[in-house]
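Open the model in your viewer and keep the selection tool at hand. This tour goes stop by stop.

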Amino acid sequence: FAFFFNKVCLRPMNRSATHIHVVTEFVLLGFPGCWEIQIFLFSFFLVVYVLTLLGNGTIICAVRWEPRLHTPMYFLLGNFAFLEIWYASSTVPNVLANILSKTKAISFSGCFLQFYFFFSLGTTECLFLAVMAYDRYLAICHPLHYPTVMTGKLCRTLVSLCWLTGFLGYPIPIFLISQLPFCGSNIIDHFLCDMDPLMALSCAPAPITELIFYTQSSLVLFFTIMYILRSYILLLRAVFLVPSAAGRRKAFSTCGSHLAVVSLFYGTVMVMYVSPTYGIPTLMQKILTLVYSIMTPLFNPLIYSLRNKDMKLALRNILFRMRISQNS
């Protein structure tokens with residue numbers, strides 16, 4: 001309940017309004033600045049988005065077309081890359097449109113749809129990272145049982161559960177938030193529709209709704225990060241028992257990519273949604289959100305491709321086959 005106290009009780013309240021009216025749209029301020037800065041930001045976000053689509057799309061194609069990558073680990077990685085494309089797509093296109101817009105407006109329904117997809121996809125990513133940690137734990141700590149336990153059927157079941165849990169967990173809380181009366185200002189000092197800015201615009205307190213939302217979000221973060229940490233503690237203990245240095249290096253190389261992704265994603269998310277944000281400047285909140293929602297999907301393909309020998313070899317083989325097909 002300390003988490004709920006930080007997010008609800010200590011957050012500045014903006015509940016009063018002299019003229020109550022129905023809000024039909026919100027204004028996302030984004031990153032304000034002169035026209036030159038807006039052009040730079042538009043170009044930056046566009047390049048990041050295109051590279052995100054290309055990088056994650058390349059991983060999906062490699063897993064699909066390279067027979068050596070038809071394993072549980074790469075099946076999960078291909079689905080994770082597919083998730084990253086949608087996670088970036090839940091924010092970046094609207095950010096690009098907002099930069100070019102003069103009014104910076106987003107409709108009421110559009111705001112809450114973005115809110116729903118952003119949190120549902122973020123929750124799905126947490127669950128995916130936990131499942132990938134489970135896969136690495138089985139592969140290193142129980143290598144003899146791994147082929148019989150981590151079957152294709154189990155992989156498909158785990159992936160389906162991640163998607164279903166992520167998308168079925170938030171419709172009710174977000175629907176309840178959308179039914180709150182919004183009055184007074186409709187200006188959101190952010191580049192996306194997030195929980196704190198929306199609740200600050202509501203002219204009626206909703207402690208039960210906030211409790212449900214923040215409890216659900218914090219439980220997802222807490223249990224997934226605890227499971228990931230537990231898996232890696234057991235995994236590292238098993239690695240140090242490996243007699244050969246080459247075996248230890250291979251094990252560290254296998255898990256290093258996943259651990260880097262976990263650190264990058266959870267590090268920024270924990271600062272935003274577990275620590276109290278009332279003392280964090282608005283610009284810093286935007287930058288933190290930018291890192292885990294837009295930059296992380298860009299970095300993940302680089303992390304997995306640069307640190308993974310099988311992935312690099314698969315990409316070389318695909319490029320080689322493409323050149324042969326073009327020449328023929």
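Predicted model: local features only at pLDDT ≥ 70, side-chain atom pairs only at ≥ 80, totals over all residues.

Stop 1: Select strands β1, β2 and β3. They form an open sheet in the order β2-β1-β3, with mixed pairing. Now look at the edges, β2 (105-107) and β3 (187-188). Each has a single partner strand, so one side of each is left without a neighbour in the sheet.

Stop 2: Select residues 25-28, which are strand β1. β1 pairs with β2 in the antiparallel sense, over three bridges. Zoom in on glutamate 25: serine 107 in β2 stands opposite.

Stop 3: Show α5, residues 108-141. This helix lies across β1, β2 and β3 and runs at about 85° to β2.

**Stop 4: the core.** Which residues have the most contacts inside the largest nonpolar core? Select Phe26, Phe45, Phe115, Phe213 and Tyr266. The core has 93 residues. Helix α5 gives the largest share, 19 residues.

**Stop 5: tyrosine 266.** Show what surrounds this side chain. Beyond its neighbours within four places in sequence, tyrosine 266 is in contact with Cys126, Leu129, Leu221, Thr224, Ile225 and Ile228.

**Stop 6: valine 262.** Move to helix α11 (residues 245-273) and select valine 262. Is valine 262 buried or exposed? At 5% relative accessibility, it counts as buried, because the cut-off for buried is under 20%. Leaving aside neighbours within four places in sequence, valine 262 is in contact with Leu129, Ile225, Ile228 and Gly267. Finish at asparagine 300. Its C-alpha is 9.9 Å from that of valine 262, across 38 residues in sequence.

Conventions. Residues numbered from 1 in each chain as written. Heavy atoms only, no water. Core = buried A, V, L, I, M, F, W, Y, C linked by side-chain atoms within 4.5 Å. Buried < 20%, exposed > 50% of the residue type's maximum accessible area, 1.4 Å probe, protein only. Helix = DSSP H or I, 4+ residues; strand = E, 2+ residues; numbered from the N terminus. Contact = heavy atoms within 4.5 Å. Pairing = 2+ DSSP bridges. Axes fitted to C-alpha atoms, helices over the stretch in contact; angles between N-to-C directions.
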